[in-house]
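This report walks through a structure from its overall makeup down to single residues. Have the sequence and the 3D view open as you read.

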Amino acid sequence: MSPEAMTLLAKALAIAIGGFGPAIGIGLIGFSAMNGIGRNPEAAGKIFVPMLLGMAFAEAIAIYALIIAFTL
Amino acid sequence: MAKRTENLKALPMSFAALAAEPLFHIGNFPVTNSMINAWIATGFFVVIAFIASRRKSIVPRGIHNIFEAVVEAGVGEMEKVTNNKKKALAFFPFVATIFFFILVSNWMGLIPGTGTIGFNQLIHGEMELVPLFRPAGADLNFTLAIAVLSLVVVQAVGIKATGITNYVSKFVNIRGIFRAIPKGPMAVVVAVIEFFVGLIEIISEAAKVLSLSLRLFGNVFAGEILMGVMLSLVSVFLPIPFIFLEILVGVIQATVFAMLVLVFLTVATESHGEHEEEHKEKEGGSEKHLEPSH
């Protein structure tokens, strides 16, 4: 295959595979947050901020993959 | 017909370049469009500082109420992370500056005209639109500068709070090996492992800088591309939820950056001794509960 085609394929694969893990991670964080709120609805405010923080960390990995996709 | 296609080729086809485009040069120093946005945000804060500092009184009136509410909310949030009011007050100026600067920079990127008003320029053989304004966070220099600065501040604050031998032994833990020798071979093995863990901590400091800067840059830059794509698809109504998303992302990314810097500062200023004291207090407390009352 030509180099341009390989570059395009690499870009697409970078973001596709790189977004897979963080998506599952964010879903798991949301899942445990929902569990916690379900068991203890009063703690919803306390759970919200750490959940957002954890989701931002997990999303950062997907952002790294996106940066690679942009720079290739 | 040939004339029409020639005009189409002259239209810019990409939404935003990865690097911020320089608009003019001061001497040899290129001034980019993101830099201009950062200067506007700085000017905004200078004006706010002037307004906030005149005619102060014990009972706040008018606009000072907003400033006091903001400061109180900020210090309260930081106390939840640091568990120490003195530390929260000491770290507040730096962390709050980072938070508000990034927040205002992100939200300024949503003002109509940012990223769209510009001039066409021939870059790398293609006509591309060079916008006059571009969100400051969409320039990696901006985020990297704040991240490197916070790294330097964290190291400096850590050294000042715990003393230089304590702080260096967090990374190069030779002292731990010497202390473990009288305790027996198992303790020495653990101390050697902790020594290598300390060396890895040095690498993780560099990784923190990278992750902080790339996280903010990626979010804001991807937001720019997203807005460009959405606005080019349907110009009315469709971009509205995406603009709300961008507002939310601006807040969340500023919060994450500031809170991470706060966590790093807190971890850097607590000495190993404090950790051990906390553990001993907890153990002593639980033992007291188990003792039967006489």
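## Burial and basis

A residue is buried if 20 or more other C-beta atoms lie within 10 Å of its own, exposed if 12 or fewer, and partly exposed in between; the C-beta atoms are placed from the backbone. By that count, buried residues make up 26% of the 294 residues in chain B.

This is a predicted model: local features need pLDDT of at least 70, side-chain atom pairs count only at pLDDT 80 or more, and totals for chains, interfaces and linings use all residues. Residues are numbered from 1 along each chain as its sequence is written, while chains are lettered from A and ligands numbered from 1 in the order in which they are written.

## Chain B layout

Chain B has ten helices and four strands. Helices (H or I, at least four residues) and strands (E, at least two) are DSSP runs, numbered from the N terminus. The order from the N terminus is α-β-β-α-α-α-β-β-α-α-α-α-α-α.

Two residues are in contact if their C-beta atoms, placed from the backbone, lie within 7 Å. Of the chain B contacts between residues at least 6 apart in sequence, 64% join residues at least 24 apart.

Strands pair if DSSP finds at least two bridges between them. In chain B, S1 (residues 22-26) and S2 (residues 29-32) run antiparallel and share four bridges. Ile26(B) has Phe29(B) as its bridge partner in S2(B). Two residues lie between the strands of this hairpin, and Gly27(B) takes a positive phi near 70°.

## Helix packing in chain B

Axes are lines fitted to C-alpha atoms, for helices over the stretch in contact, and angles run from 0 to 180 degrees between N-to-C directions. H5 (residues 140-162) and H8 (residues 185-233) of chain B pack at about 145°, with axes 8 Å apart. On the H5(B) side, the contact includes Leu140(B), Leu144(B) and Leu151(B). Among the H8(B) residues are Glu205(B), Val209(B) and Phe217(B).

Ala, Val, Leu, Ile, Met, Phe, Trp, Tyr, Cys and Pro count as nonpolar, Asp, Glu, Lys and Arg as charged, and the others, Gly among them, as polar. The H5(B)-H8(B) contact has nine nonpolar, two polar and one charged residues.

## Chain A

The contact between chains takes ten residues from chain A and ten from chain B. The chain A side divides into nine nonpolar, one polar and no charged.

Leu13(A) sits in helix H1 (residues 3-18) of chain A. Leu13(A) counts as exposed because it has 12 C-beta neighbours inside 10 Å. The C-alpha atoms of Leu13(A) and Ile26(A) are separated by 20 Å, at 13 residues apart along the chain.
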